[in-house]
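This note sets out several points on side-chain contacts and backbone geometry for the attention of a colleague. Please read it alongside the sequence and coordinates shown below.

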Amino acid sequence: MTNPYITIDLDKIEHNTNTLVNLCREQGIQVAGVTKGTCGHPAVARAMLRGGVTALADSRLENIQRLRAAGIKAPFILLRLPSLSSVEEVVESVEISLNSELSVLAALSAAALNSQRVHQVILMVDLGDLREGICLPELFAFVAEAVKFPGIHIKGVGANLACLSGVVPTAQNMAQLVAMAQGLRKAFGLSLEWISGINSSGLELIAAKRMPAGVNHARIGEAILLGRETIQRRSWPDTFQDAFVLHAEVLELKRKPSRPLGELGQDAFGGHPTFAETGEMVRALLNVGREDLDPDGIQFLEPGFRVVGASSGYLVVDVTQTALTQTTLTQTSRPIQVGDELAFTLNYSALLTAMTSPYVKKCPFGSDHASEEE
Ligand SMILES: *Cc1c(COP(=O)(O)O)cnc(C)c1O
């Protein structure tokens, strides 16, 4: 195959979803499955729905439109704040969006009225991660204006932590969110069905039974896709970490020095890489590069391989250990040849880039019959 490919084990995704949905359900929390790490892949979304999520969420309108075009029926949530210039399309494509600007709410309201709809919004509150959200001291004045827009329904409040700055969800900041919601319910007579407190970083809090009552909604992506919580990136019990596996082919295999020869300037991306002198090594060039994935986020399934570097179209791997299988301690299972495939699992960054690359073929398999060629 000229290009690398990524296999997607849909049964593992369904299993991971089910594990997390059950954990959340025990504490009255419903889960929206976040598909943005897969560019809104329809087969992945269907696996999440089989696993028990009650809604699908993505940061890109195109991804949500892709899911809809594939015939998937579920409530959709737009995670990234709508742009002022896209309100008609947002109202057209999703039922629910996350919001933090009055001017955008006014425009969403007008667009919704125009097409005889009511658009539902989650008002995002900034609890300290300093990405999106209304700051606490401004929240009541904000809502006092927001309730005047006839085309929108304020379905809830939400917060997003551990994304930009790594602020951890705690019993304290979650209680703050719940108290805020209670205050708003009282002051404005709102029902606020959802208090959408967390993403994958909040699972520890739930498992420890320290999530304050009242938080009843979670938006979970990485933990479903890669089986990890996102504070320490620990594997989550009873989930798979290898639902996605990238396969790349060896194009060249040669013994070369470990250090470059000649005078050194910048590499292809303006960096100045350094290389330790470790003697001659056996180097494999794979048919995957920075145009396909973040090379810092991969882990080989077999032991003994090490990434030397990557350019736009190549990943250079030290397979010396492999070539010396009989004599080294970190043995690998087989000698490598040109034409062989190496396989690796991906972190979130590598997954996101690989799923976004048009050069990486997506190969879902498992209990899903509609997933060919999506
Ligand atoms: C990406 C995103 C999520 C999902 O985060 P994970 O860490 O993948 O669970 C949830 N909420 C918002 C607003 C997001 O942008």
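**Note on ring contacts and backbone angles**

1. Phe300, Phe305 and Phe344 are linked into a cluster by ring pairs. The model is a predicted one, and the comments that follow should be read accordingly. The number of aromatic pairs comes to three.

2. One of these pairs joins Phe300 and Phe305. Their ring centres lie 5.3 Å apart and the planes meet at 70°; because an angle over 60 degrees counts as edge-to-face, the pair is assigned to that class. Phe300 is buried, at a relative accessible area of 13%. Phe305 is likewise counted as buried, with a relative accessibility of 12%.

3. Phe300 also pairs with Phe344. Here the centres are 5.3 Å apart and the planes stand at 80°, so this pair too is edge-to-face. Phe300 belongs to strand β13 (residues 298–300), whereas Phe344 belongs to strand β16 (residues 341–346); the pair therefore ties together parts that are 44 residues apart in sequence. Phe344 has a relative accessible area of 0% and is buried.

4. Two contacts between a charge and a ring deserve mention. Lys155 places its charged end over the ring of Trp194, at 4.7 Å from the ring centre. Arg290 has its charged end over the ring of Phe269, 5.2 Å from the centre of that ring.

5. Leu130 is exposed, with a relative accessible area of 61%.

6. Although Arg233 is not a glycine, its phi is positive, at about 60°. Arg233 is found in the loop between α9 (222–226) and β11 (244–256). With a relative accessible area of 41%, Arg233 is partly exposed.

7. Why are such angles worth noting? Most residues other than glycine have a negative phi.

Definitions and conventions: Residues are numbered from 1 along each chain as its sequence is written. Side-chain values use heavy atoms; hydrogens and water are left out. Rings of Phe, Tyr and Trp (its six-membered ring) pair if their centres lie within 6.5 Å; planes under 30 degrees apart count as stacked, over 60 as edge-to-face and the rest as tilted. Buried means under 20% relative accessible area, exposed over 50%, partly exposed in between (1.4 Å probe, protein chains only). Helices (H or I, at least four residues) and strands (E, at least two) are DSSP runs, numbered from the N terminus. A charge sits over a ring if NZ of Lys or CZ of Arg is within 6 Å of the ring centre and within 35 degrees of the ring normal.
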